[in-house]
Amino acid sequence: MTEFWAVALITGLAVVSPGADFAMVTRNSLAGLRRAGVLTAAGIAAGVLVHVGYTLFGVAALMSHSPQLFVLVKYAGAAWLLWLGFSTWRDRRPPVNITADASTAPGGWRYFRQGFLTNALNPKTTLFVLSAFLQLVNPHTPLAVQLLYGAFMSLAHLCWFSLVALFFSSAWFRRQVLRWYGWINRIIGTLLMLLAGMLALT
């Protein structure tokens, strides 16, 4: 039971830490309303499962011993964030449906894909999942239990970022966004590009 609480604690701290996932959910919640934000959160949760999967099957250990492979993943993630940041920075006109019903938003697959790629290509998540399983989980812990830990990590991301999406797609917040949409997108886009630069240089 101690092992579970250790995993839960480090997962909680990692989830609420601001980063690319938070910026992406915020961006899509503002652009596509509630459904877009929640679908982005679902994509992020699916991305976590990718990291859990290759960690359990030893690919992460291979990546940690192969600098070239890790660098490739790192630059792919940085390039993805840089492109998203630039496209967000250029988007200064609010969508025509920004005052529409928050339960509707077109292009759901696009938002899910963006959340998935943002998380799956993020080497910070690789290091988080890898360190959690190497430092907190006993090697003799049954595989079924380790899978449950991975499912918990994914569910924690889904719940937290769904709450973030609900907040940023609320009627009150959207009314503020209608006035400052361009500047908010400039800030989010700049942050995404800065994260890309930090990722590439770290």
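Asn-185 sits in helix H8, where a helix is a DSSP run of H or I with at least four residues, a strand is a run of E with at least two, and both are numbered from the N terminus. The model you are looking at is predicted, so local features need pLDDT of at least 70, side-chain atom pairs count only at pLDDT 80 or more, and totals for chains, interfaces and linings use all residues. Residues are numbered from 1 along each chain as its sequence is written, and side-chain values use heavy atoms, with hydrogens and water left out.

**The chain as a whole**

What is the secondary structure of the chain? The count is eight helices and zero strands, and the order from the N terminus is α-α-α-α-α-α-α-α. Of the 202 residues, 45% count as buried; here buried means under 20% relative accessible area, exposed means over 50%, and partly exposed lies in between, with a 1.4 Å probe and protein chains only.

Asn-185 is buried because its relative accessible area is 2%. Ala-196 also lies in helix H8, and Ala-196 counts as buried because its value is 4%. Ala-36 belongs to helix H2; with 0% relative accessibility, Ala-36 is buried too. Each of these residues can be paired with another one elsewhere in the sequence, as the table shows.

| Pair | Separation along the chain | C-alpha to C-alpha distance |
|---|---|---|
| Asn-185 and Leu-30 | 155 residues | 8.9 Å |
| Ala-196 and Leu-81 | 115 residues | 5.4 Å |
| Ala-36 and Phe-112 | 76 residues | 7.9 Å |

**A pocket**

Rolling a probe the size of a water molecule over the atoms shows where empty space is left. The second largest pocket has a volume of about 210 Å³. A pocket is an open set of points on a 1 Å grid over the protein atoms alone, where a 1.4 Å probe fits, with protein on both sides within 12 Å along at least five of seven lines; lining residues have an atom within 4 Å of a point. Which residues line the second largest pocket? Among them are Pro-18, Phe-22, Lys-124, Phe-173 and Leu-195. Helix H2 (20-56) and helix H8 (171-201) are the elements that give two or more residues to this lining, and H8 provides the largest share, five residues. By class, the lining holds nine nonpolar, two polar and one charged residues.

**A patch on the surface**

Val-38, Leu-163 and Leu-166 make a nonpolar surface patch of about 240 Å². Such a patch joins nonpolar side chains within 5 Å, from residues with over 30% relative accessible area and no salt bridge. Is Leu-163 buried or exposed? Leu-163 is exposed, because its relative accessible area is 52%. This residue, Leu-163, is found in helix H7 (residues 143-168).

Notes:
Patches are made of residues with over 30% relative accessible area and no salt bridge: like charges are joined within 9 Å, nonpolar side chains (Val, Leu, Ile, Met, Phe, Trp, Tyr) within 5 Å. Accessible areas come from the Shrake-Rupley method with a 1.4 Å probe; for residues, only the protein chains shown count as cover. A salt bridge is a side-chain nitrogen of Lys or Arg within 4 Å of a carboxyl oxygen of Asp or Glu. Grid points are joined across faces, edges and corners, and a volume is the space filled by probe spheres set on the points. Ala, Val, Leu, Ile, Met, Phe, Trp, Tyr, Cys and Pro count as nonpolar, Asp, Glu, Lys and Arg as charged, and the others, Gly among them, as polar.
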